[in-house]
Amino acid sequence: MNKRKVRALYLGVVGLANIGGWIYLLALNLIILDKTGSVLAVTGLYIIKPFASMLIGPWAGSMIDRVSTKHLMIFLDIIRAILVGSLLFVDSLWVIYLLVLFIQMAGAIFETSSFTYMTLLLPEEDRNKFNAVLTFVHSGAFVTGPFLAGILFMLAPLEFSLVINVLIFICCGIWTIFLPNILNTIPEVKKHLHVKEVREDWYAVWNFSKKYLSFFFIYMTFQGTMLVTAALDSTEVAFAKEVLLLTDAAYGSLVSIAGLGFLLGAICTNLLVRFLSAKAMMGVGTFFVASGYFIYSLSTSYFAASIGFFALSFSLSIANTGFMTYIQSRIHSNMMGRITSLYEMISSFVQIVAVLLFGLVASWVSVKVVVLGGSILMLLGSCYLILITWRISKTRGFEAL
């Protein structure tokens, strides 16, 4: 199989899995709401994902860097198909939460495995363009997934959507079989994973972070800025309903505008990769994401809110493409799993704290104050990111990483 077909197959697997993820998420939200009648019960789903990343963070990267990522991806697709199928046979909310936790743990390992596999698959000079195409695939899934979910919800019971999701995971696993098997080249690849190896990996990541402290700050500044976005998402509906006084239909159209922004941003990103470096795309993209949220936080009408929504969603594609390419060029593929897993564990902990903190402040003060304060934090973070990437670009030592 030639390179073009391999990359097209990989993108097809990722796109199909993302569409399935949207169908699963929306269906599960409605199923839990129907079972419990509690919005709080649905909110619990959004805490499970970062909690799952925290649980797998200390050890998943050590495993990913020592096995065939292709076979691991196939195994995780099968596991997720079984777990999603199991949701059809349980009624207890806590059992559902437990199954969702395992699904999210498998999903978090899959994301890191997939990212590591992609890094191993692509030569460095092709990554920027490929990441732009990958961002377009993600954006397409963001539009297509909810659209297909809406059709399924109209034609069949909610549980049928979970059956479709099971079939999607099985299809992804089958398609992945046809991808080439790419192994890491670290000496530990033939070892069995023990506590000693995991501990040694922690020290390896710690030493890497100390040696390349600037990279650590850039990574965490970007992630921290984007985590504020995730935390603000938890107040998005309340802001639209209580501050902007939008109807459900108007809020739904705002989400559609965001989807359009993602899609157009991904198309634009495919053009920008020819002219801008990864650092420039990451910094500028993050700044405009923050600017979009700031416009949204100050808006008093649907029109102003739609401008902010479009700006932030449009810029997310640019920022994420720059970030992916940047870390791929700075972390050796043999350590990709360990470093990203442990860094994501830290990010997930911060995300949980931020979501809970923003929720508490919104209940004590007001949603408007929280959204405005969060958008200002994002602006400051994006400006700091641009500053440190510019300063670091002046030093040769870091560029040699």
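How many cavities of 30 Å³ or more does the count come to? The count comes to one, in what is a predicted model.

**View 1. The largest cavity and its lining.** This cavity has a volume of about 30 Å³. Seen around it are Leu28, Ile31, Lys35, Leu87, Val90, Ile96 and Leu162. Sort that lining by type and you get six nonpolar residues, no polar ones and one charged one. Helix α1 (residues 3-36) gives the largest share of the lining, with three residues.

**View 2. Lys35 meets Asp91.** Here's one of the three salt bridges in the structure. The closest N and O atoms of Lys35 and Asp91 are 3.1 Å apart. Lys35 sits in helix α1, while Asp91 is in the loop between α3 (69-86) and α4 (93-121), so this pair links distant parts of the chain, 56 residues apart. Lys35 is partly exposed, at 38% relative accessible area, and Asp91 is exposed, at 63%. Lys35 also turns up in the cavity lining of View 1.

**View 3. Asp77 and Arg80 within helix α3.** These two side chains form a salt bridge, 2.9 Å from N to O. Both residues belong to helix α3 and are three residues apart, about one turn of the helix. Asp77 is buried, with a relative accessible area of 0%. Arg80 counts as buried too, because its relative accessibility is 9% and the cut-off for buried is under 20%.

**View 4. Arg338 joins Asp201.** The N-to-O distance in this salt bridge is 3.0 Å. Arg338 is in helix α13 (residues 336-364) and Asp201 in helix α7 (residues 195-211), so the bridge ties together parts 137 residues apart in sequence. Both Arg338 and Asp201 are buried.

Methods:
Residues are numbered from 1 along each chain as its sequence is written. This is a predicted model: local features need pLDDT of at least 70, side-chain atom pairs count only at pLDDT 80 or more; totals for chains, interfaces and linings use all residues. Side-chain values use heavy atoms; hydrogens and water are left out. On a 1 Å grid over the protein atoms alone, a cavity is a set of points where a 1.4 Å probe fits but cannot get out, and a pocket is an open set with protein on both sides within 12 Å along at least five of seven lines; lining residues have an atom within 4 Å of a point. Grid points are joined across faces, edges and corners, and a volume is the space filled by probe spheres set on the points. Helices (H or I, at least four residues) and strands (E, at least two) are DSSP runs, numbered from the N terminus. Ala, Val, Leu, Ile, Met, Phe, Trp, Tyr, Cys and Pro count as nonpolar, Asp, Glu, Lys and Arg as charged, and the others, Gly among them, as polar. A salt bridge is a side-chain nitrogen of Lys or Arg within 4 Å of a carboxyl oxygen of Asp or Glu. Buried means under 20% relative accessible area, exposed over 50%, partly exposed in between (1.4 Å probe, protein chains only).
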